[in-house]
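Please look over the structure below before reading on.

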Amino acid sequence: MPEPFPAGLLCTRKTLTSQLHSLGVKPGDILLVHSSLSSLGWVNGGAEAVTGTLIVPTQSPDNSDPAHWQHPPVPEEWKAAIRETMLPYNTRTTRTIGMGVIAATVRTRPGAVRSMHPQTSFAAVGLKAEELMDGHALDCALGERSPLKKLQEANARVLLFGVGFGKCTAFHLAEYRLPGAVVKEISFAIMGEEGRVWMTVNDVAVSDEGFEELGADFEREGSVKRGKIGGADAKLFGLADAVEFSLRWLMLKRT
Ligand SMILES: CC(C)(COP(=O)(O)OP(=O)(O)OC[C@H]1O[C@@H](n2cnc3c(N)ncnc32)[C@H](O)[C@@H]1OP(=O)(O)O)[C@@H](O)C(=O)NCCC(=O)NCCS
C-alpha cells in the first residue's frame, strides 16, 4: 500500500513565525509553551522547526512512589523493589512523559537548561534559561520555589496550541497560595552526594480538577488572545494574570 500524503495544513518555519507574530508573540518574549505537534498540520522539519526562546514542561511522574500508581497499579510484592531500584533523576537523561515531542525536542537541544525537580521539571532555551530554571526546590513542585514563580516575576506569557486549559501548569501556582492548602508526602529517587537516595518530602497536593472550566472563565474575562498556529487553535496570555485569576476562582470553587 502506498503511504497517503500528510493531511492538513503545510507549516514551515516562516508560516509558523508569521502566525506567532499575528498572535502577539514578540522577539525576546519569555514563553511557557504547552503543545501538540500533530494539531498544527504537517510541519516541514517536525518539532525542530517550532522551537525558539521558550520554556516547556518536562515532567517525569514515573519517578514516584509505586504505592500511588494507578495506570496500571503494580503488585504489592513489587513495590519495595521498585523503590530500591528506581533510577535517580538526571536532568540530561530522564525522559518526559506526556509532554509531547516539541517539549522533548527543547529539552534535548544543545544549551537547554532543565530544572532540578525529579517529577515536575521545566526546560528552557534562550537568554534567561539559566536564571529561570535555577533553584527548583525538591519540596516545591509547582510553587513559590519553582520556575513558575520566576516566570510570573519575569512577565512570562503562556502559549497553548492544540491543547486546552487542562494542561495549563501555571494554574497550579495558585493552588500553593490557597488558604489551608493540603500538604502530602511525595517520594522520588535522586542522586545525592554519596549516590542514589530515595527521598520523601512534604509538598502541597495539586490537582488539575476543574482547570478546563477555570480556563473558560478566565478566557471570558478577556485576557486571552486567540488565534491559529498551523491548523491548531492557539491561546496566549500573561502567566501572572492567569495565576491571579485562578487564585480568585479556586478560592470560590474549592473552599
Ligand atoms: C499529549 C500530547 C503531547 C499529544 O499531542 P500529539 O500531537 O498527539 O503528540 P506530540 O506533540 O508528541 O506530536 C507527535 C505526533 O505528531 C505527529 N507528527 C509527526 N511528524 C509530524 C510533522 N512533521 N508535522 C506534524 N505532525 C507530525 C504524529 O502524529 C506524532 O504522533 P506519533 O509519534 O504517535 O506518530 C498533547 O495533547 C498535550 O497534552 N500536550 C501538552 C502537554 C503538557 O504541556 N502538559 C503539562 C501539564 S500536564
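**Notes on the ligand site and the core**

1. An oxygen atom of the ligand is 2.5 Å from an N or O atom in the side chain of S38. This counts as a polar contact, a pair of N or O atoms within 3.5 Å. The model is predicted: local features need pLDDT of at least 70 and side-chain atom pairs count only at pLDDT 80 or more, while totals for chains, interfaces and linings use all residues. Residues are numbered from 1 along each chain as its sequence is written, and side-chain values use heavy atoms, with hydrogens and water left out.

2. A polar side-chain atom of S36 lies 2.6 Å from one, and for L37 a backbone N or O atom lies 2.8 Å from one. On its own the ligand has 980 Å² of accessible area (Shrake-Rupley method, 1.4 Å probe), and the protein covers 60% of that.

3. The ligand has 17 residues around it, of which H34, S35, S36, S38 and V43 come nearest; a residue is near if one of its heavy atoms lies within 4 Å. Strands β2 (31-35) and β3 (42-43) each supply at least two residues of this shell. Strands here are DSSP runs of E with at least two residues, and helices are runs of H or I with at least four, numbered from the N terminus.

4. Which residues touch the most other members of the largest nonpolar core? They are L32, I55, L148, L151, F165, F237 and L239, out of 39 residues. Such a core is a set of buried Ala, Val, Leu, Ile, Met, Phe, Trp, Tyr and Cys residues joined through side-chain atoms within 4.5 Å. Buried means under 20% relative accessible area, with a 1.4 Å probe and protein chains only. Helix α8 gives the most to this core, six residues.

5. Leaving aside neighbours within four places in sequence, L148 is in contact (heavy atoms within 4.5 Å) with residues including L32, F122 and L239.

6. Helix α7 has these buried residues: F211, L214, G215, D217, F218 and E219. Their cover includes α6, β10 (225-229), β11 (232-238) and α8. After α7 comes G222, with a positive phi near 100 degrees.

7. H172 is found in helix α6. H172 counts as buried because its relative accessibility is 11%. Its side chain makes a polar contact of 2.5 Å with the side chain of E175. Beyond four places in sequence, H172 is in contact with L142, V206, S207, D208 and F211.

Definitions and conventions. Buried < 20%, exposed > 50% of the residue type's maximum accessible area, 1.4 Å probe, protein only. Polar contact = N/O pair within 3.5 Å; in protein donor to acceptor, adjacent residues only side chain to side chain.
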